[in-house]
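Hello,

Here is the structure I promised to pass on. Please have a look at it first; my notes follow below.

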Amino acid sequence: MSDPRFIHLRLHSQYSLLEGAVPVKKLPAMCEAANMPAVALTDTNNMFAALEFSVTAKDAGVQPIVGCQIDVAYDPAQPGEKPRNPAAMVLLSQNERGYENLMKLNSCLYLDKHGEIPQVTVDELAQYSDGLICLSGGPDGPVGKLLQSAHEPKAQALMQRLASIYPDRLYVELQRHPGEGGQCTEAERATERGFVEMAYAMDLPLVATNDVHFPKPDMFEAHDALLCIADGAYVDQQEPRRRLTPQHYFKSQEEMITLFADLPEAVSNTVEIARRCAFATYRRAPILPKFADDEVAELRRQAAEGLKMRLEVIPHAASVEEYEKRLAFELDIIEGMGFPGYFLIVADFIKWAKDNNIPVGPGRGSGAGSLVAYALTITDLDPLRYNLLFERFLNPERVSMPDFDIDFCMDRREEVIRYVQEKYGRDRVGQIITFGALLSKAAVRDIGRVLQMPYGQVDRLSKLIPVEGVKPMSIEKALAEEPRLREEANAEEVVKRLLNYGQQVEGLLRNASTHAAGVVIGDRPIDELVPLYQDPRSDMPATQFNMKWVEQAGLVKFDFLGLKTLTVIQNALDLLKLRGVDIDIGQIPLDDEKTYKLYASAKTVAVFQVESSGMMDAL
């Protein structure tokens, strides 16, 4: 790519949920087509894509600039006044220190907010300012909002404060999104002169941005429908609602140079900023808290003692020498792969759960093939008796983290997680975020609603989209394969419009929630490794990276599964106890004839993993 003249520094990917419509995977190709060697990602109040974007861009030869559009409480309400809405500014990481501060500011956005909208204070900006370049926010930023409401002295005072917080790192941001007559938006017209005068008076550099929300201008209408989905509004409503312009797309360098021909320094400063930002989020090797000073010796000790205790009470499936030989073989592999700490951490919280009478599953998945796990009471199945292979669980030729699926009684799972929080520190334990995508059927329903189409018609159209496996077919494929859907589209213009918008937004992310079972445990506060988010319904923070990327950021996932079956079994045992019948569920034989007769007759309702109709048919 030749010497660039403009770089996009304000861009919203699909991770600006129901707001941005630029897929992260397509961003490098968009840069290449525009001959831009760098690009910034500045999602709204989050860094969900920081690692994914950095890796994807670098692999494609594009320089990633990791940033965030962050809401700032710039003019706090006085006592008795109603709260004022925050306004957005853009922060870009110059270096690793800046990235760490950006993660801390994301913690300020979400942690312990008690349901308040995400925002940071100017004091928090000052506390975590090192290594960050600040763009003042444009017409709808904090300074812009004050200019729009004719509070010029306040606007100047705030710009001065920002200049002191970010010495030589504050840029006065200008935006121009001209409409059909060539006129910029009302907010842009009301603020630009004030911004330019302030910049010259305070000797601050200008910078031009285009607030990118979608890849091309032809996506404007579909994106407008997306905003309506987010805000619960209608596309054609007369009442005021959030609206962008067809100009909020990924413009070429030439378009931006022409747009700001009268202020060329504002365009060239985008390249200067890109050169000043020399940090990309990077992958880390797995990081675990230190369980013992010598974890190798501790694991060997616990495993040897545990095996000895097991062999004292179980019928032997092989000679003691064979058990010891298998144990030594497994320990050598665990040590060679560097995972003693993982086994010790899992064994510790499982032992705590059992000591506190919290029902724990006997083990499932490939982890049941480990004798070390059996010796540590992580599992309750003797792998030698059932000829289970350890290599399916851990294999030096396939280096990946071990992964035990651990089942706990559904009602008491939280107690185990609380124990882990207390042992390692509340700031070192977190849940994992997950994202829900806008799939074809949901896209049709959501867009039908914002187009104010009759519910019955939208429901019928949604049901015409076939399902492939567990996911609905894409709208494009459904139109090719389902003649009734094509007929509906050809018969009515509004249906054609609905399906057109649907094709453009399907696959974009719709919402964030937390992983049902995954918990990460770090050796330091988690927000020193990954940015944090907090679901308003949870009192526990979650990582902003999803399961795939959180592990690449160095955090190790532990599965704490809440299983209703264990709760039902415990309730049954408690009821039997009241009748004077005391049963140890662990001592029930695994070759009981009556049990197998029940299985053979498919009477398996509420029996975990064999209760579905498909499994009953197979039995």
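Helix α3 is largely enclosed by the rest of the structure, because eleven of its 15 residues are buried. Keep in mind that this is a predicted model. Buried here stands for under 20% relative accessible area. The buried residues of α3 include Gly-98, Tyr-99, Asn-101, Leu-102 and Met-103. Towards the other end of the list come Ser-107, Cys-108, Leu-109 and Tyr-110.

α3 covers residues 96-110. From first C-alpha to last, the helix reaches 22 Å. That is close to the 21 Å expected at 1.5 Å a residue.

Both ends of α3 have something to look at. At the start, a side-chain oxygen of Asn-95 comes to within 3.3 Å of the backbone nitrogen of Arg-97. Just after the helix, Asp-112 takes a positive phi of about 55°.

Next, the overall layout. The protein chain is divided into four parts: domain 1 (24-215 + 250-276), domain 2 (295-433 + 512-565), domain 3 (434-511) and domain 4 (566-617). Between the C-alpha centres of domain 1 and domain 4 there are 60 Å.

Last, the surface. Ile-569, Val-581, Ile-583, Ile-585 and Ile-588 make a nonpolar patch of about 370 Å². Where does Ile-588 lie? Ile-588 is in the loop between α22 (564-578) and α23 (593-600). Its relative accessible area is 41%, so Ile-588 counts as partly exposed.

Best wishes

Conventions: Residues are numbered from 1 along each chain as its sequence is written. This is a predicted model: local features need pLDDT of at least 70, side-chain atom pairs count only at pLDDT 80 or more; totals for chains, interfaces and linings use all residues. Side-chain values use heavy atoms; hydrogens and water are left out. Patches are made of residues with over 30% relative accessible area and no salt bridge: like charges are joined within 9 Å, nonpolar side chains (Val, Leu, Ile, Met, Phe, Trp, Tyr) within 5 Å. Accessible areas come from the Shrake-Rupley method with a 1.4 Å probe; for residues, only the protein chains shown count as cover. A salt bridge is a side-chain nitrogen of Lys or Arg within 4 Å of a carboxyl oxygen of Asp or Glu. Helices (H or I, at least four residues) and strands (E, at least two) are DSSP runs, numbered from the N terminus. Buried means under 20% relative accessible area, exposed over 50%, partly exposed in between (1.4 Å probe, protein chains only). The expected span of a helix is 1.5 Å times one less than its number of residues. A polar contact is a pair of N or O atoms within 3.5 Å; within protein, one must be able to donate a hydrogen and the other to accept it, and residues adjacent in sequence count only if both atoms are side-chain atoms. Domain bounds come from an automatic or database domain assignment.
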